[in-house]
Amino acid sequence: MPLGGTALAAAATLAAAGHRVHLVVSPDLHRLDAEAGWLVEAQRVIRGGAVTMRIDHRIDDPGSLARELDVVVVPSPRRAWHVPSVLTLRAWLAAGVPAVAARDRSASALVQDGVDARLYPSGDRNALARILARLASDARLRSEMGHAAAARHGHRVRKVIAGSSDQSSGSFDERPRAGSR
C-alpha cells in the first residue's frame with residue numbers, strides 16, 4: 001500500500017516518541033526511491049535505527065505476510081479521486097491484521113471503528129500518529145483488534161473464494177450464449 005506523506009510523517013512521529021517502526025512496502029510502490037530517500041534522511045535525525053524499511057513483494061498477499069505485521073496502514077490517497085482498495089483492506093482484516101485507514105465512505109462501510117480497525121480523518125497525520133502510538137504501546141489492543149478483524153471478515157472472504165469455483169459451472173454451462181452479451 002502506498003505510504004504517502006501522512007504515513008511517513010506518522011512513522012517519524014512514532015520513532016521520535018521512542019517506538020521502533022518497521023515499514024514493509026511493495027516493490028511496486030510509486031516513487032519508491034523518494035520514499036527510501038526520506039528514510040535515509042529520517043535516520044540521520046532519528047538515531048538508533050528506529051525506522052527501517054523492507055521491500056517485500058508479499059505485501060500484496062496478506063495471507064503470507066500477516067503473521068509478521070502488527071498493523072496495516074491504508075493511508076490517505078495522494079489525489080482526491082483515488083480510492084484505496086476495499087478488497088485489499090478486507091483481505092488484511094480477514095488475515096487477522098488490524099488496520100488503520102483514512103475515513104472515507106468505503107472504509108466506514110467496511111469496518112467498525114475501534115473494533116477491527118481505526119479510522120482517521122484523511123490527511124490528518126497527527127490523528128494517524130496518535131492512533132499508531134496507541135496501537136504500538138498496547139499489544140493486547142492489537143491482538144483484540146486482530147481477532148475481531150478475522151472474526152468479522154474471515155468468513156466473508158472464505159465464502160467469496162469458496163463460491164468462485166461454483167461460479168465457473170454456473171449459467172454459462174446452462175446458457176452458452178450468456179457470455180457473449
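**A buried histidine and the sheet of a predicted model**

His 153 is buried, with a relative accessible area of 0% (buried means under 20% relative accessible area, exposed over 50%, and partly exposed in between, with a 1.4 Å probe and protein chains only). This is a predicted model, in which local features need pLDDT of at least 70 and side-chain atom pairs count only at pLDDT 80 or more, while totals for chains, interfaces and linings use all residues. Residues are numbered from 1 along each chain as its sequence is written, and side-chain values use heavy atoms, with hydrogens and water left out.

The protein has eight helices and five strands (DSSP runs numbered from the N terminus, helices being H or I of at least four residues and strands E of at least two). From the N terminus on, these elements follow the order α-β-α-β-α-β-α-β-α-β-α-α-α. Of the 181 residues, 36% count as buried. Among contacts with a separation of 6 or more, 64% join residues 24 or more positions apart (contact means heavy atoms within 4.5 Å).

His 153 belongs to helix H7 (residues 139–167). Its side chain makes a polar contact with the side chain of Asp 116 (2.5 Å); a polar contact is a pair of N or O atoms within 3.5 Å, where within protein one must be able to donate a hydrogen and the other to accept it, and residues adjacent in sequence count only if both atoms are side-chain atoms. Not counting residues up to four places away in sequence, His 153 touches Arg 90, Leu 93, Ala 94, Leu 110 and Asp 116. In helix H4 (residues 86–94), the buried residues are Leu 89, Trp 92, Leu 93 and Ala 94. Gly 96, which follows H4, has a positive phi, near 85°.

Three strands form an open sheet in the order S3-S4-S5, with parallel pairing (two strands pair if DSSP finds at least two bridges between them). Strand S3 (72–74) and strand S5 (117–121) are at the edges with a single partner strand each, so one side of each has no neighbour in the sheet. From one strand to the next, the twist averages 20° (axes are lines fitted to C-alpha atoms, for helices over the stretch in contact, and angles run from 0 to 180 degrees between N-to-C directions). S3 pairs with strand S4 (residues 99–103) over three bridges, and Val 73 stands opposite Val 100 in S4. Helix H6 (residues 125–137) packs on the sheet, where it touches S3, S4 and S5, and its direction makes about 160° with that of S5.

S4 and S5 pair over five bridges, with Arg 118 in S5 as the bridge partner of Val 100. Four of the five residues of S4 are buried, so this strand is largely enclosed by the rest of the structure.

The largest nonpolar core has 23 residues, of which Val 21, Leu 23, Val 100, Tyr 120, Leu 128, Leu 132 and Leu 135 touch the most other members. Such a core is a set of buried Ala, Val, Leu, Ile, Met, Phe, Trp, Tyr and Cys residues joined through side-chain atoms within 4.5 Å. Leaving aside neighbours within four places in sequence, Leu 132 is in contact with Ala 10, Leu 14, Val 71, Val 73 and Val 100.
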